[in-house]
Amino acid sequence: MNIRSAPRRLMPPPIFIVFLLCCLATAHFALSQQSSQSAPDKSQNAPLPRPSGMSTGGIHAPIKDAHARPITAGGFVDGAPIVFTNITHPAGLDKFRHRSGSPEKSTIIEAPGSGVAVLDYDNDGWLDIYLLNGSTVAATKGAEPAPRAMLFHNNHNGTFTDVTDKAGVSNDRWGFGVAVADYDNDGWPDIYVSNFGKNRLYHNNHDGTFTDVAEKAGVALGGWSTGATWGDYDRDGMLDLFVPGYVHYDLDHPILAGKRGVPEGACQYRGVNVFCGPLGLLGEGDHLFHNNGDGTFTDVSVKAVVADREGRYGFASVFADIDDDGWPDLIVANDSTPNYLYRNRRDGTFDDVSYMSGFALNEEGRAQASMGIALGDYNHSGRLGLFITTFSDDYKTLYRNDGDSSFTDVSFKAGLGSPTIPFLGWGAGFLDYDNDGLLDLFIANGHVYPIADQRDWGTTWAQRPQLFRNLDGAKFQEVPPAPGSGLASVVCARGAAFGDLFNDGHIDVVLNNLDSPPTLLRNMVRNCNHWVALKLVGVGLAPTVRANASNTSGAPAHEAQVYKSSRDAIGAKVFLTAGGVRQRADVFSGASYASASDSRIHFGLGSASKVDKIEILWPSGLREEVTLPCIDCIVQITEGKGAATVATR
């Protein structure tokens, strides 16, 4: 790849960091004083106390390819291997078109876009696709038809059919996030949709239709919700729901520079006027809903100490056992403010260990504009690493898990620093695209300021995705985009979901793109590497059985009898050994940017022709070894059965 210039990585001096933190603290104090004196007025946003924007990074020199194109929309390499092919049109997905506000993006609500889910809603063994849509101010007032979400049924032949009307999941609200889980343990996946305004909880009726029960269940909320996550934080066998909030926003009174006391020029990026926020706006609170087991939920946010009293701008979240004590912790990516890492205290509450863990800030001691989350055991350490997507003019951040809730920013050491700086990242995921047994990294990209195309910033509105190949667990190398291939798709991507859509043992990618059709990237890698995929089914097990099982939770032995696993086994960990390599994969809901990926676990085996050992740590505390009936296949494993059956051929 012929690159005209390289980025300049700006390291702020310590005194600047102190000054910046003081400014942030002063601004936060002013906002907290305002909110403590009176309840926030949902019809009005607080005036911006200072210049506002999303970017927290520096300014970097443009990077252009041999044809003088910004690297975000160029850098194509003739003869590069074709990893993905864009099959959106032949698959029938271009019937859907996303819409979010006006093309100019004059207000912040128009820019973040929406997520996407891949799920087997009808339990036929094939992944279907649910694409969330945005809206417009006129549509929210009934002045024009509302943009609709769409559910596409997998026809098992490479095509998909729109079944939205039958399913009843069009949403018809300003949609941002989607999270999938079987919250009532009936064996069928349900869908939670995060909106601006009231959210939806679509209960699966087992017949291809859904019913919105959000109001009845007590999880409708209001305001502006983003990327939710399901997880059983108290291990009672019923999945709980965490919903991050972004900013308080009033469609009738948006914050605009030059209006309502906001000075002209208050909202800028690189000296150019842009929409205002999120910095300077009031943050929306976060919510944790405890599953009562009867179809209803109780808001325990304050009691559990995860209500976001700091007023940060939540975008993505995921429950995962970061410290491997058997209890799910909570990770939240916040835009332009420090990230949250909440450690589960095993008593219904969480400790905020964000700063102590090293996850709140990057290695420069700086908060980033975090958009999406990827997590996985990328270095075969047996621990979950974290990756965060950020704004353009800033590197995307890889946090190595050092154990005991301690993380180190290794982005530049891993080769992910410089190549990601020009891009504005959203959805992301670790996936083994070539089945070599190492988790690679995919990033969906797209800008929030259309004016980027009119400036020589080295970045663009529509951007190509990035794929980084894991070389050895410590280093990543960008896979060059072949002209005309899926990696050369220049789109304004937001949500990204990952899964084996064609049951051929290769992980595919679906992107939900702002103001345009989606992108379906089919994995075209064909080599001699083997693979196996696992669908886990939790049953909770009877107390007498659990009492005899090995307790791996770290809790007193007598407590093992009260823990259960949810039906879809969210929180389960699988350790697979093949060819002398031990890999880890977890079942989780959420992450990426406001999207839901395949809940089946996928392992690439490389050249290994057999699996030596599979060990499953179920959420109930049961540790179980299972013998697989095959490789290069999808198998189902039911908790406590000690055996696997072929699920789909």
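A disulfide here is a pair of cysteine sulfur atoms within 2.5 Å. With that in hand, welcome to a tour of close-up views of a predicted model.

**Figure 1. Two disulfides are found in the structure.** Cys267 is joined to Cys276 with an S to S distance of 1.9 Å. The torsion about the S-S bond of Cys267 and Cys276 is about 95°, so this disulfide is right-handed. Cys267 and Cys276 are both buried. Another disulfide links Cys630 and Cys633, where S to S is 2.0 Å. Its torsion about the S-S bond is about 100°, so the Cys630 and Cys633 disulfide is right-handed. Cys630 and Cys633 are each buried. If you number the bonded cysteines in sequence order along the chain, the pairing reads 1-2, 3-4.

**Figure 2. Cys492 and Cys528 are shown for their accessibility.** Cys492 is buried, as its relative accessible area is 4%. Cys528, at 70% relative accessibility, counts as exposed because the cut-off for that class is over 50%.

**Figure 3. The largest nonpolar core has 46 residues.** Leu201, Trp230, Leu534 and Leu536 are the residues with the most contacts inside this core. The elements that give two or more residues to the core are the strands β6 (174-181), β11 (240-243), β31 (530-537), β32 (573-578), β34, β35 (613-617) and β37 (634-638), together with the helix α5 (214-217). A second, separate core has 36 residues, among them Val262, Cys276, Leu424 and Ala452.

**Figure 4. Leu534 is pictured with its contacts.** Leaving aside neighbours within four places in sequence, Leu534 is in contact with Val574, Arg600, Ile601, Phe603, Ile614, Leu628, Val635 and Ile637. Leu534 is also one of the residues with the most contacts inside the largest nonpolar core.

**Figure 5. Trp327 and Tyr563 form one of the 31 aromatic pairs in the structure.** For any such pair, the description rests on the distance of the centres and the angle of the planes. The ring centres of Trp327 and Tyr563 are 5.2 Å apart and the planes stand at 85°, so the pair is edge-to-face. This pair links distant parts of the chain, 236 residues apart: Trp327 is in the loop between β16 (313-320) and β17 (329-335), while Tyr563 is in the loop between α8 (543-548) and β32. Trp327 is buried, with a relative accessible area of 4%, and Tyr563 counts as buried at 4% relative accessibility.

**Figure 6. Phe442 and Phe498 form an edge-to-face aromatic pair.** The distance is 5.8 Å centre to centre, with 75° between the planes. Phe442 belongs to strand β25 (residues 440-445) and Phe498 to strand β28 (residues 493-499), so to speak, distant parts of the chain that lie 56 residues apart and are linked by the pair. Phe442 is buried, with a relative accessible area of 0%. Phe498 counts as buried at 8% relative accessibility.

**Figure 7. Ser597 lies in the loop between β33 (581-586) and β34 (601-606).** Ser597 has 25% relative accessibility and counts as partly exposed. Setting aside neighbours within four places in sequence, its contacts are Val118, Ala496, Ala497 and Phe498. A polar atom of the Ser597 side chain lies 3.0 Å from the backbone nitrogen of Phe498. The C-alpha atoms of Ser597 and Gly429 are separated by 9.0 Å, although these residues are 168 residues apart along the chain.

**Figure 8. Several aromatic residues form one cluster.** The members are Phe176, Phe196, Trp224, Tyr246, Tyr249, Tyr313, Phe315, Trp426 and Tyr593.

**Figure 9. Arg522 lies over the face of Phe502.** The distance from Arg522 to the ring centre of Phe502 is 3.8 Å.

**Figure 10. Lys64 makes a polar contact with Asp456.** Lys64 is in the loop between α1 (14-37) and β1 (84-86). At 14% relative accessibility, Lys64 counts as buried. The polar contact between the side chains of Lys64 and Asp456 is 2.7 Å.

Methods: Residues are numbered from 1 along each chain as its sequence is written. This is a predicted model: local features need pLDDT of at least 70, side-chain atom pairs count only at pLDDT 80 or more; totals for chains, interfaces and linings use all residues. Side-chain values use heavy atoms; hydrogens and water are left out. Helices (H or I, at least four residues) and strands (E, at least two) are DSSP runs, numbered from the N terminus. Buried means under 20% relative accessible area, exposed over 50%, partly exposed in between (1.4 Å probe, protein chains only). Contact means heavy atoms within 4.5 Å. A polar contact is a pair of N or O atoms within 3.5 Å; within protein, one must be able to donate a hydrogen and the other to accept it, and residues adjacent in sequence count only if both atoms are side-chain atoms. A nonpolar core is a set of buried Ala, Val, Leu, Ile, Met, Phe, Trp, Tyr and Cys residues joined through side-chain atoms within 4.5 Å. Rings of Phe, Tyr and Trp (its six-membered ring) pair if their centres lie within 6.5 Å; planes under 30 degrees apart count as stacked, over 60 as edge-to-face and the rest as tilted. A charge sits over a ring if NZ of Lys or CZ of Arg is within 6 Å of the ring centre and within 35 degrees of the ring normal.
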